[in-house]
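This report walks through one protein chain for a reader who has not seen it before. Please look over the sequence and the structure before reading on.

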Amino acid sequence: MKLSLTIDGREESIDLLSPAPACRFQLGAAPPRDALVESPAPGVYSVLLDGRSYDVFVEETPDALVVAIDGFRFEIEARDPRRLSRRSAGRGADGVQTLTSPMPGKVVRVLAAPGDAVEPGQGILVVEAMKMQNEMKAVRAGTVLAIPVKEGSTVTAGETLATIG
């Protein structure tokens, strides 16, 4: 499972190759790594990584996860590009809205062009995935800034389809 992360404002990705307790993961372009992960209590994790043991404390806040490791504190936001939720759909409502593909697929129709004014709920483009067509819609009113994909393009999960300002 691949996740997009924001760690203290820095964008990163993690690919979870196998789940805990014998976890295998790849952070960004780094080589895959192995860790043993146990959770003795909710929000508390014991992690054995590269022969070193870490106590990890995780607190969920409305905006992000706060993770404390050896006295260092990180704010982490994790997004699964395969899932769209009301919470994530409204993000960027005051700034630039980025429409991303929820899953791998093919762009079958582009319904708007850069410079077009759009209203909330207006279709921007249609992505076909698993023989189903998904219309990607604007969350708020604005102007289409860019559509980096074209009809017939193959897209991956999490790939930017359009930006609206």
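## Basis of the model

The model is predicted, so local features need pLDDT of at least 70 and side-chain atom pairs count only at pLDDT 80 or more, while totals for chains, interfaces and linings use all residues. Residues are numbered from 1 along each chain as its sequence is written, and side-chain values use heavy atoms, with hydrogens and water left out.

## Overall make-up

The chain has one helix and 16 strands. Helices (H or I, at least four residues) and strands (E, at least two) are DSSP runs, numbered from the N terminus. The C-alpha trace spans about 55 × 30 × 25 Å along its principal axes.

Of the 165 residues, 27% count as buried; buried means under 20% relative accessible area, exposed over 50%, and partly exposed in between (1.4 Å probe, protein chains only). A contact means heavy atoms within 4.5 Å. Among contacts between residues at least 6 apart in sequence, 41% join residues at least 24 apart.

There are 18 positive and 22 negative side chains, and the centres of the two sets lie 5 Å apart. Lys and Arg count as positive and Asp and Glu as negative, with His and the chain ends not counted. The place of a charge is taken as NZ of Lys, CZ of Arg, CG of Asp or CD of Glu.

Strands of a sheet pair through backbone hydrogen bonds, either parallel or antiparallel. Here two strands pair if DSSP finds at least two bridges between them.

Strand S5 (residues 44–49) and strand S6 (residues 52–60) are antiparallel partners over six bridges, with Val47 bridged to Tyr54 in S6. Two residues separate these strands in their hairpin, where Asp50 takes a positive phi near 55°. S6 also pairs with S7 in the antiparallel sense, over five bridges, and four residues lie between the two strands of that hairpin. The bridge partner of Val58 in S7 is Val67.

Val67 also stands opposite Phe74 in S8. Strand S7 (residues 65–69) and S8 form an antiparallel pair over five bridges. Their hairpin has two residues between the strands, and Asp70 in the turn has a positive phi of about 50°. Strand S8 (residues 72–79) pairs with strand S1 (residues 2–7) as well, antiparallel over four bridges; there Ile7 has Ile76 as its bridge partner.

## An open sheet of four strands

Four strands form an open sheet in the order S9-S16-S14-S11, with antiparallel pairing. Strand S9 (97–100) and strand S11 (117–118) stand at the edges with a single partner strand each, so one side of each is left without a neighbour in the sheet. Within the sheet, strand S14 (residues 142–146) and S16 pair over two bridges, and Ala146 stands opposite Thr163 in S16.

## Nonpolar cores

A nonpolar core is a set of buried Ala, Val, Leu, Ile, Met, Phe, Trp, Tyr and Cys residues joined through side-chain atoms within 4.5 Å. The largest has 16 residues, and those with the most contacts inside it are Ile124, Leu125, Ile147, Val149 and Leu161. Strand S12 (123–129) and strand S16 (160–164) are the elements that give two or more residues to this core. A second, separate core of 14 residues includes Ala35, Val37, Leu49 and Ile76.

Not counting residues up to four places away in sequence, Leu161 touches residues including Leu99, Leu125, Ala146, Ile147 and Val149.

Met132 lies in strand S13 (residues 132–137) and is exposed, with a relative accessible area of 53%. Its C-alpha atom is 45 Å from that of Phe72, 60 residues apart along the chain. Pro102, in the loop between S9 and strand S10 (105–110), counts as buried at 9% relative accessibility. The C-alpha atoms of Pro102 and Met132, 30 residues apart along the chain, are separated by 12 Å.

Ala30 is found in the loop between strand S3 (22–27) and strand S4 (33–41). Ala30 counts as partly exposed, at 33% relative accessibility.
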